[in-house]
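Hi there,

Here is the structure I promised to pass on to you. Have a look at it first, and then read on for what turned up in it.

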Amino acid sequence: MEERFRNRSIKQSYDWRLIGIYLALVFIGLINIYASVHSAEPSSIFDLSVRSGMQCIWIATAFALAGLIVFAIPSRFWESTAIPLYIGVVFLLVAVIFLGVEVKGSRSWFNFGPVRFQPAEVSKITTSLLLAFVLSHPGFRMGRLRNLLQVAIVIGLPMLIILGEKETGSALVYIGFIFVLYREGMSGWVLTALGVSILMFILTLTVSPYVAILVLLTIAIVSNALQGRNAVRDIAIGVFVIAGLAFLPDHPMKVLMGLVIAAVPVLCYFAYKRKNSFLFYSVLASIAGIMLVFSTDIIFNKVMQEHQRKRIEVLLGIKDDPSGVGYNVNQSMIAIGSGGFSGKGYLHGTQTAYGFVPEQSTDFIFCTVGEEWGFLGCLLVIGLYIALIWRIIRNAERSREHFTRVYGYCVASCLFMHLFINIGMTIGLMPVIGIPLPLMSYGGSSLWAFTILIFIFVVLDHQEKKYF
């Protein structure tokens with residue numbers, strides 16, 4: 001009976017499909033890293049003088065870390081030490097600004113001889129652990145201001161420090177934690193507000209602030225109309241108002257701002273009298289949106305660095321610079337497009353072999369897949385990532401432990417954001433911000449971090465299945 005339970009514990013309590021997908025992505029990453037550094041006089045894939053050989057070392061150490069997490073560290077360790085681990089990594093994030101080495105304009109790496117370590121990668125793990133700890137704490141309520149401030153500090157503190165390191169790509173990953181908060185009860189209007197903010201930013205840069213504000217007011221009016229009983233009437237009134245604003249005289253921004261400022265107290269009073277909280281918050285959201293529109297120029301020209309501005313301008317079609325900041329993306333899309341349906345064949349990619357795409361073994365590893373494996377290869381890789389994220393969410397939903405569920409969603413969110421941003425920038429849908437493809441891009445810090453992130457969840461999931 002004991003033997004039977006032991007066999008069941010090993011075979012059925014671990015998600016071997018999830019582990020298998022992890023191994024498949026690591027292996028696919030290794031052979032594509034080798035393809036990206038392959039030349040006319042190729043060396044062995046295990047040659048330590050090339051990146052594929054070094055990646056073998058990172059893979060071996062990552063497997064050792066996974067074994068340590070599975071067999072040596074109790075599953076409860078992660079919940080009980082979430083706070084000290086978080087504080088320790090925040091300390092490293094601050095320390096690296098003063099003691100780290102500068103790599104491509106970002107001071108976010110510690111250099112230990114041949115090994116470089118990036119605390120920003122580890123911070124995703126500790127933030128996920130502490131966020132799971134906070135959200136699973138008895139008495140936590142998403143609508144309570146004190147609890148929301150706790151969540152904002154947990155996510156915002158490392159994000160702001162990473163921005164101070166000029167590591168924009170890693171900081172953007174933290175936006176993905178919004179999906180976790182949404183699952184735990186945050187209003188869907190927060191996601192809507194995020195989407196509208198991005199739209200306002202893009203419209204302000206590509207069209208004009210005037211058009212951005214008109215679109216913002218249109219969204220606010222339609223949203224309020226759909227909340228009322230006479231939606232058709234309210235939308236008709238809103239269309240009439242917007243049409244009137246669209247034909248303002250000279251200096252329309254000044255007139256428009258005057259009208260908006262004058263309307264704010266009237267609308268707030270009307271919302272108070274009608275006890276319409278939705279209208280009240282819509283007014284506040286519209287004011288915040290207008291402030292964003294007018295601060296876009298400051299954010300774009302004063303806060304962002306020059307190379308970030310150029311990449312966004314190229315992405316949005318404001319400028320065309322195929323031989324400058326747009327070179328990487330242009331060559332990446334050529335490589336992916338040249339692969340066709342089934343690819344040119346392994347180690348036969350011309351863009352890859354002749355090094356036309358910079359950083360091809362790191363940030364642009366996906367274009368190696370596209371050129372040599374074609375559409376089918378890209379579909380396979382994306383399918384594996386989707387399967388990995390789906391299994392994590394599936395196991396998280398089936399979890400009886402609140403901590404395990406929240407942590408699982410954190411892992412899935414981090415993987416999704418990396419996948420979305422990295423592939424998006426290789427095909428020209430996102431600006432180039434230097435973010436690795438999980439488990440496939442060259443580098444020890446990223447591989448170790450994602451291995452730890454995933455296998456902590458594997459252990460937490462195993463602990464529940466072991467006894468049920």
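Let's begin with a helix and the strands beside it. Helix α5 lies across β1, β2 and β3, and its direction makes an angle of about 90° with β2. Please keep in mind that this is a predicted model.

Next, the strands themselves. β1, β2 and β3 form an open sheet of three strands, in the order β1-β2-β3, and the pairing is antiparallel. At the edges sit β1 (101-103) and β3 (115-117), each of which pairs on one side only. From one strand to the next, the twist averages 50°. If you zoom in on β1 and β2 (residues 106-112), you will find three bridges joining them in the antiparallel sense.

Now back to the helix. Two packed helices are described by the angle between their axes and the distance between the axes. For α5 (residues 82-99) and α7 (residues 145-164), the axes come within 9 Å and cross at roughly 20°. An angle under 35 degrees counts as roughly parallel, so α5 and α7 are roughly parallel to each other. Their crossing is left-handed.

Which residues make the contact? From α5 they are Y86, V90, L93, V94 and I97, and from α7 they are I153, V154, L157, P158, I161 and I162. Sorted by class, the contact of α5 with α7 has 11 nonpolar residues, with no polar and no charged ones.

Enjoy exploring!

Best wishes

Conventions. Residues numbered from 1 in each chain as written. Predicted model: local features only at pLDDT ≥ 70, side-chain atom pairs only at ≥ 80, totals over all residues. Heavy atoms only, no water. Axes fitted to C-alpha atoms, helices over the stretch in contact; angles between N-to-C directions. Helix = DSSP H or I, 4+ residues; strand = E, 2+ residues; numbered from the N terminus. Parallel < 35°, antiparallel > 145°, perpendicular 65-115°, else oblique. Left-handed = near helix turned anticlockwise from the far one by under 90°. Contact = heavy atoms within 4.5 Å. Nonpolar A, V, L, I, M, F, W, Y, C, P; charged D, E, K, R; others polar. Pairing = 2+ DSSP bridges.
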